[in-house]
Amino acid sequence: GGGPGGGGDLVDGDPLWVEVSVELDGVHLDHAGIRYKGNSSLSFSWKNGIAKMPFRITFDKFEDDWPATKNQRIHGFKKLTFAPGFGDDSLLHDVLANEILADRGLPAARTAFMRVELDIDDGKGAFFAGLYVAIEDVSDAMMDRLYGDGGGNLYKPDGSGASWTKFDAAGFEKKNNSKEADWSDVEAAIAALHADATDAPGWRDGLEAALDVDGFLAWLAVNSAMVNWDVYGVIAHNYYLYGVPADGGRLTWVPWDHNEALGFRDNVPGGAGGSTPGTVLHDEVGNSWPLIRVLLDDAVYRSRYLELLETALHGLFEVAPLHARAEALHALIAPHVAQEVAPFTQLSSQAAFAASVAALVAHVEGRHAAVNAALAK
């Protein structure tokens, strides 16, 4: 322990919150809270002496201790997540993946590049600690923005139960309405998924009353087209569920955490993505991921998934628009990335950053070929 490179596990549970002063766009706030976040990204960085680590800031975290900071915000945000570009020599994966999801009409967080400068009060003054991607936090005002009402139940599933093999309340952390020990909406959705499907139309009606199935299939199609292994289908985390008030509290799928989208570890077997045509259709996915297996075993939902796969190839995910957007973002951040130095960088090399747009475009071209080959079967 003691700092990056200390080795071993960090802590049980989330890292500790620490008080900091924050300044952004001329707005200065005292007594905000900061903590590291992440799983493999945090552990790998720590063990390998990389000081550019993922973190989260909550601007009113210590309002109980400092009443004057109650509900303090920056640009309306209560909290922001800062992603360091772990495993991403382009620093574009989080941004482009969220933009692709939004372009396809799916719920997606807003992002922005931010230079982070640290002053740790050691007399040496502030220094550049790297270029980060600031990401809108799902549990902040994102549901208000997307659905006009953030009062519905918001869950961040993880671990036990989050695979949907069976209901387990422990796997569905409530991010709001936590005083109400009521997971009946999630329990009903999982029960509907596993209900007797002998009457297929009736089964679909029951499931769709509890879950926006089309929204899940649309996410699965986009995710499979662009590739992201760090998601449902490989690991039971990195999504939220939201009970949309205007839709009677019906649960909708909200994707999260995309630093490993768009090509990172394409060939993880049995995953929800991959680089070969077979994995586009998820024929290899077993009963341990029932939201994929059960839905795609239904003829109606499989047909709809194929339609959504074809749709996923359009818009921003078309090769030319994606190439143009990646080039523009690369040019925007290049002067700042060039200033990154160890240990405050996640880049494997500056040369890898320079070649990263070409690698991204090649990946997208490959995904179009893989999806089209799967659709042609």
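Mentor: We'll go from the whole chain down to single residues.

Mentor: Keep in mind that this is a predicted model.

Trainee: Fine. How many helices and strands are in the chain?
Mentor: Count twelve helices and ten strands. The radius of gyration is 21 Å, close to the 21 Å that the globule rule gives for 377 residues, so the chain is as compact as a globular protein of that length.

Trainee: And what box do the C-alpha atoms fill?
Mentor: Roughly 70 × 50 × 40 Å, along the principal axes.

Trainee: What share of the residues is buried?
Mentor: Buried residues are 49% of the 377. As for the surface, the accessible area is about 16,300 Å². Carbon and sulfur atoms hold 53% of that area.

Trainee: Which share of the contacts with a separation of 6 or more joins residues 24 or more positions apart?
Mentor: That share is 66%.

Trainee: Switching to charges. How far apart are the mean positions of the positive and negative ones?
Mentor: They are 1 Å apart, for 29 positive and 53 negative charges.

Trainee: Now the inside. Which residues have the most contacts inside the largest nonpolar core?
Mentor: Trp 164, Phe 216, Tyr 232 and Leu 295, in a core of 86 residues. Helix α6 gives the most to this core, with ten residues. There is also a second, separate core of 18 residues. Val 22, Ile 74, Leu 80 and Tyr 132 are among its members.

Trainee: Back to Phe 216. What is it in contact with, leaving aside neighbours within four places in sequence?
Mentor: Tyr 232, Trp 253, Leu 291, Ile 292 and Leu 295.

Trainee: Is Asn 223 buried or exposed?
Mentor: Buried: its relative accessible area is 0%, and under 20% counts as buried. Pro 255 is 32 residues from Asn 223 along the chain, and their C-alpha atoms are separated by 9.4 Å.

Trainee: Different spot. Where is Lys 174?
Mentor: In strand β8, residues 172-174.

Trainee: Why does Lys 174 count as buried?
Mentor: Because its relative accessibility is 11%, and the cut-off is under 20%.

Trainee: What does Lys 174 touch, not counting residues up to four places away?
Mentor: Asn 153, Leu 154, Tyr 155, Glu 180, Asp 182 and Trp 183.

Trainee: And how far is Lys 174 from Glu 99?
Mentor: Their C-alpha atoms are separated by 26 Å, with the two residues 75 apart along the chain.

Notes. Residues numbered from 1 in each chain as written. Predicted model: local features only at pLDDT ≥ 70, side-chain atom pairs only at ≥ 80, totals over all residues. Heavy atoms only, no water. Helix = DSSP H or I, 4+ residues; strand = E, 2+ residues; numbered from the N terminus. Rg over C-alpha atoms; globule rule 2.2 N^0.38 Å. Buried < 20%, exposed > 50% of the residue type's maximum accessible area, 1.4 Å probe, protein only. Contact = heavy atoms within 4.5 Å. Areas by Shrake-Rupley, 256 points an atom, 1.4 Å probe, with all protein chains shown as cover. Lys, Arg positive; Asp, Glu negative; His and termini not counted. Charge placed at Lys NZ, Arg CZ, Asp CG, Glu CD. Core = buried A, V, L, I, M, F, W, Y, C linked by side-chain atoms within 4.5 Å.
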